[in-house]
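Trainee: I would like to learn how to read a protein model. Could we go through it feature by feature?

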Amino acid sequence: MISENSVTLDQRSLDLRKSAISAIEGGGRGHPGATLSLIEIMRVLYDDVLKFDAEQPDWPQRDRCILSKGHGCLALYTLLADKGFFEKSQLQQFCKTGALLGGHPESKVPGVEASTGALGHGLAIGVGMALATKIKQLNSHIFVVMGDGEINEGAVWESALSAGHHQLDNLVAIIDYNKLQSYGTTKEILDLEPLIPKWQSFGFETCEVDGHNVDALKQCFASLDFNCKKPKAIICHTIKGKGLSFAENNPAWHHKSGMKTEQIQAMYEELS
Amino acid sequence: MTQLEFWQTGEKVSIREGFGRVLNYAATQRDDFVLFDADVAGGTGAKPFVQENPQRVIQFGIAEQNMMAAAAGFSDCGIIPVVSTFASFGVMRAHEQFRTAICYANRNVKLCCSHIGLDTGPDGATAQMLEDLATMRAIPNVTVISPADANEFMQAFLAMLDHTGPVYLRIGRSDNPIIADGKSDFKIGKAQRLTEGNDITIIATGVMVERALNVAEQLKNNEKISARVINLSTIKPLDQTEILLAAQQTNGIVTAEDHNVCGGMGSAVAEFLAENHPTKMKRVGVNDQFGKSGEPDELAKFFHIDEASIYQACLSI
């Protein structure tokens, strides 16, 4: 089994984290744990995998990336801003009344494929997109990023059954497996193991990867076979709060609000 | 089928028969919709479509939450998913998916659910959806339609496909007399005044429309009361103009629905009138109870949504 190692974050990973923290600073709140867990997954997707046009977010032939664990939205917003779907200055307006970027992804935001935040919807939405893009022969790939806590939801397994049944080889489920959910470890709250055999038994091709290792992630995505008549599940072993020593594996950093200037400063300093 | 065939008035037909017929007709007219089924096409009435157009059916199995959110994603590519199952599962079990994945994102998804109200009959309380109008009309962006018979259902179905945005459409299960000839225009959001009357107004929806028409006739003959009957098939958006006219021009309003009185069509009318033209009202519906097994007409009597109950409500105003 691959587990997350002590990958040293490169400058781009550090910069993306600082960008996400600027949103937490601007909005005064956010989910730092989930956001920092996701950065490399989202970075590799948007840098190296997804086919998209930021000038034309609804381009029919695009690949679709659904962030099903909507509370990790700052990782998505950071990458969308980085790719020019909207101005980076929007990040500082995060969660403010009337702002473009709310506390969970909304499909009105350019580049956001689905309104999520209600856990357990994203894979089903992805199943629908995978079916429709096949019918339309759009040659699009659908990526659904889910949390480990999220897959407690029974609806996820309805979708998994459906994806296997319909042989949706254009669908990729990505699990951000940081092993920590809102109030404790996944082992304590609702044990997911054995996780890989679960996905395999639902008809998925699976692979495991260190979810902070950019090269390993690229290799994993590059190895996907989109003609195998099977959906894919990538288990990304990650660290909740990755990059901030005081937040890593610390459930207290699942959600933060009313953060003090010193706390924000401490976050920036660790990433410098 | 190049021409949509309507049933003759007075024929006893279930709305779900209309569902199967209009699906097949619509398939000859447009190629931009598919049916999502949760292994209940025999019960919803979609079976003739499944048999004639299997290539336009996507089977999701008994997994309504997945089916509902999948419809949200599916609609992204411009093909309309007509999602169909029993209301208990489509409205209740997958309610959050309908609200968030479909209505919040304003997706072009059409939800057609059967087994609504006491009209469901012997299947009993678990299948008799008496809360759908209340829960659905509380969701922004959605259009809620409750047709009176199979003919009006077919017109509503075609209007629904032309409409952009989420729609919830009720499908009745039991055989009931046809009252709409299919010749008059159906417009989403437009109530139909079926009889003129100046003493009292009965606003009815679904299977209650036929009962309301019979009651109006009885009131005329027995009591010399002239009752206006309005078929309020679109529950949301509400035809405020027609309701306001009824409140202004008659002496009171009785609403009639095969639904819980809490939050249903009568509540929608009462909410509007309370703020705009306070009016004497009685709401005929199931009085905050669960249903039970039985024949629809016997259940109507037992739960006081039969003609005698509408009649009494009119006299009490």
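**Rings, sheet and helices**

Mentor: Start with one residue. At 0% relative accessibility, W199(A) counts as buried. Keep in mind that this is a predicted model.

Trainee: Which residue forms an aromatic pair with W199(A)?

Mentor: First the general idea. A pair of aromatic rings is described by the distance of the centres and the angle of the planes. Now the case here. W199(A) pairs with F204(A), at 5.0 Å centre to centre. The planes make 70 degrees, and the pair is edge-to-face.

Trainee: Is F204(A) buried or exposed?

Mentor: F204(A) is buried, with a relative accessible area of 2%.

Trainee: How many aromatic pairs does a search of the whole structure find?

Mentor: The search finds 18 aromatic pairs over all chains. Take W157(A) and F202(A): their ring centres are 5.1 Å apart and their planes stand at 50 degrees, so this pair is tilted. The pair links distant parts of the chain, 45 residues apart. W157(A) sits in helix 5 of chain A, while F202(A) is in the loop between helix 7 and strand 7 of chain A.

Trainee: Why does W157(A) count as buried, and why does F202(A) count as partly exposed?

Mentor: Look at relative accessibility. Buried means under 20%. W157(A) has 16%, so W157(A) counts as buried. F202(A) has 23%, so F202(A) counts as partly exposed.

Trainee: Which residues form one aromatic cluster in chain B?

Mentor: The cluster is made of F19(B), F33(B), F49(B), F153(B) and F157(B).

Trainee: What lies over the face of Y177(A)?

Mentor: K179(A) does, at 4.2 Å from the ring centre. Chain B has a case too: K292(B) lies over the face of F302(B), at 4.0 Å from the ring centre.

Trainee: In which sense do strand 9 and strand 11 of chain B pair?

Mentor: They pair in the antiparallel sense, over 3 bridges. For one example, T195(B) has V229(B) in strand 11 of chain B as its bridge partner.

Trainee: At what angle do the axes of helix 2 and helix 3 of chain A cross?

Mentor: They cross at roughly 35 degrees, and the axes come within 8 Å. The crossing is right-handed. Among the residues that meet there are L38(A) and M42(A) from helix 2 of chain A, and L76(A) and L79(A) from helix 3 of chain A.

Trainee: Where does I235(A) lie?

Mentor: I235(A) lies in strand 8 of chain A. I235(A) is buried, with a relative accessible area of 1%. The residues that I235(A) touches include Y177(A), W199(A) and C207(A). G84(A) is 151 residues from I235(A) in sequence, and 29 Å away in space, C-alpha to C-alpha.

Notes:
Residues numbered from 1 in each chain as written. Chains lettered and ligands numbered in written order. Predicted model: local features only at pLDDT ≥ 70, side-chain atom pairs only at ≥ 80, totals over all residues. Heavy atoms only, no water. Phe/Tyr/Trp six-rings, centres within 6.5 Å; stacked < 30°, edge-to-face > 60°. Helix = DSSP H or I, 4+ residues; strand = E, 2+ residues; numbered from the N terminus. Buried < 20%, exposed > 50% of the residue type's maximum accessible area, 1.4 Å probe, protein only. Lys NZ or Arg CZ within 6 Å of the ring centre and 35° of its normal. Pairing = 2+ DSSP bridges. Axes fitted to C-alpha atoms, helices over the stretch in contact; angles between N-to-C directions. Left-handed = near helix turned anticlockwise from the far one by under 90°. Contact = heavy atoms within 4.5 Å. Lists of a residue's contacts leave out its neighbours within four places in sequence.
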